[in-house]
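Here's a quick briefing on one protein model, grouped by topic. Have a look at the sequence and the structure first, then read on.

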Amino acid sequence: MKTLSILGSTGSIGTQTLDIVRIFPNKFKVVALTCNSNIELLKQQIDEFKPEIVAVYDEEKADELKADIPVYKGMDGLIRAATIGKANTIVNSLVGSIGVIPTIKAIDNLKNVALANKETLVTAGAIVMKKLSSSKTSLIPIDSEHSAILQCLNGENVNDVSKITLTCSGGAFKNRSKGELGHVKAEDALKHPTWNMGAKITIDSATFMNKGFEVIEAHWLYNLPYSKIDVVIHPQSIVHSLVEFKDKSVIAQLGMPDMRIPIQYALNYPQRIKNESLPQLNLTEIKELTFKEPDLERFPCLKMAYDVGIKSGTLPAVMNAANEIAVKYFLQDKIRFNDIHRIIQESIGQHTVITNPTIDEIMEIDKKTKEETEKEIEKGMCIAS
Ligand code: MN
């Protein structure tokens, strides 16, 4: 029996994780749930899954929630859920750098982590991987690309890998010209063609920042240099990623674009369980699988992520923090699409990199970058430019 604590249970990955839990009541028991502020949905989840505690990140909303079980709040609440004695597995589907400390605390408390929070490895990959190497716990990626790589590497020797290729839907704006990208709105991006995701990641997908994060995550997860990590656009989102070995053999993982498939894999790893409710791939219905190179000129965030990843230290944390703020403003229609990259680049340019930072230094820089980025945007400099 896996006892689960699901951080971010009301979001896209969280609700889909509960879809899997619902089908296998004998395999999974929910012991903790957390949300940011959606207490209406959290209430329904409490009634249905009967956790022992919940946490609400938004402290005011936490005070509004009436429940028969303990309700914790803020970062302290997330950490309680990440370290609760009765959970053996933590699903981290938090959005943003608030997910970093809960992952680290979970590992410190010998929990297995099913990870959907990108910021954990983007900002603190070196620290997290070092902790895992000296621990008996495991960290299994939920993200479809990293799940694909993990599956392709089953039974293989990582030293035999010559490169990996992460596939990418291309995001909502893959067919827009550079000029058109100056005018696109958040609502246009939110109509993502293949994956059903939360708002923040949908914008990250449209800017290619999401793929940049995934490149950095893959670097840490599979201990590969950036020169061995490729990205290819694959609009159908059927081939989830590929691994090429030194004998030129390539193994890919395919499936319908449904996050419940990699979620279920992460929860049961290394076992596979039968689930007839998941969609089946029928290649003749898909008809064609196409691939092309990403356009780094129209979508400069991808190239930026490679550069930032190679420089490493505190720079990925700065890139992530500036992106979080820029996306927040773009979602409110306060800045333009092309401003997102410019704002991040500005923050990166101003930063003096600390090599081998501590987790406290990373979180401090995260906070400082967010405050400064917000100030810069509020000054209106980006809107005017
Ligand atoms: Mn992905």
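In helix α5, the buried residues are V100, I101, P102, T103, I104, A106 and I107. Buried here means under 20% relative accessible area, exposed means over 50%, and partly exposed is in between, with a 1.4 Å probe and protein chains only. This is a predicted model, so local features need pLDDT of at least 70 and side-chain atom pairs count only at pLDDT 80 or more, while totals for chains, interfaces and linings use all residues. Residues are numbered from 1 along each chain as its sequence is written, and side-chain values use heavy atoms, with hydrogens and water left out.

**Helix α5**
- Seven of the nine residues of α5 (residues 100-108) are buried, so the helix is largely enclosed by the rest of the structure.
- Helices are DSSP runs of H or I with at least four residues, strands are runs of E with at least two, and both are numbered from the N terminus.
- Just after α5 comes L110, with a positive phi of about 60°.

**The manganese site**
- Three residues coordinate the manganese ion at 2.1 to 2.2 Å: D143 (OD), E145 (OE) and E214 (OE).
- Along the sequence, these donor residues follow the spacing D-x1-E-x68-E.
- E145 sits in helix α7 (residues 144-152) and E214 in helix α10 (residues 209-221), so this pair ties together parts that are 69 residues apart in sequence.
- Both glutamates are tucked away: E145 is buried at a relative accessible area of 7%, and E214 is buried at 1%.
- Donors are N, O and S atoms within 2.8 Å of the metal (3.2 Å for Na, K and Ca), and water is not among the atoms, so sites may look incomplete.

**Cavities**
- There are three cavities of 30 Å³ or more.
- A cavity is a set of points, on a 1 Å grid over the protein atoms alone, where a 1.4 Å probe fits but cannot get out; lining residues have an atom within 4 Å of a point.
- The second largest cavity holds about 40 Å³ of space, where a volume is the space filled by probe spheres set on the points, and grid points are joined across faces, edges and corners.
- Its lining is made up of S144, S147, Q151, H240, Q253, I261 and P262.
- Helices α7 and α11 (260-268) are the elements that give two or more residues to that lining, and α7 supplies the largest share, three residues.
- By class, the lining of the second largest cavity has two nonpolar residues, five polar ones and no charged ones.
- For those classes, Ala, Val, Leu, Ile, Met, Phe, Trp, Tyr, Cys and Pro are nonpolar, Asp, Glu, Lys and Arg are charged, and the others, Gly among them, are polar.

**Aromatic pairs**
- The structure has five aromatic pairs.
- Rings of Phe, Tyr and Trp (its six-membered ring) pair if their centres lie within 6.5 Å; planes under 30 degrees apart are stacked, over 60 edge-to-face, and the rest tilted.
- F208 and F299 have ring centres 4.7 Å apart and planes at 25°, so the pair is stacked.
- F208 is in the loop between α9 (199-207) and α10, and F299 in the loop between α12 (283-286) and α13 (301-311), so the pair ties together parts 91 residues apart in sequence.
- Both F208 and F299 are buried.
- Y226 and Y306 make an edge-to-face pair, at 6.4 Å centre to centre with 70° between the planes.
- That pair links distant parts of the chain, with Y226 in the loop between α10 and β9 (229-233) and Y306 in helix α13, 80 residues apart.
- Y226 is buried at a relative accessible area of 9%, and Y306 also counts as buried, at 18%.
- One aromatic cluster is formed by F173, F330 and F337.

**Cysteines**
- The disulfide count is zero, going by a cut-off of 2.5 Å within which a pair of cysteine sulfur atoms must lie.
- C152 has the sulfur of C168 as its nearest cysteine sulfur, 17 Å away, and C152 is buried at 2% relative accessibility.
- For C301 the nearest cysteine sulfur is likewise that of C168, 12 Å away, and C301 is buried at 2%.

**Backbone details**
- The peptide bond from Y269 to P270 is cis, with omega near 0°, and P270 lies in the loop between α11 and α12.
- K50 has a positive phi near 50° without being a glycine; its place is the loop between α2 (39-49) and β3 (53-56), and K50 is exposed at 54% relative accessible area.
- K287, also not a glycine, has a positive phi of about 70°; K287 lies in the loop between α12 and α13 and is exposed at 71% relative accessibility.

Note on methods: On a 1 Å grid over the protein atoms alone, a cavity is a set of points where a 1.4 Å probe fits but cannot get out, and a pocket is an open set with protein on both sides within 12 Å along at least five of seven lines; lining residues have an atom within 4 Å of a point.
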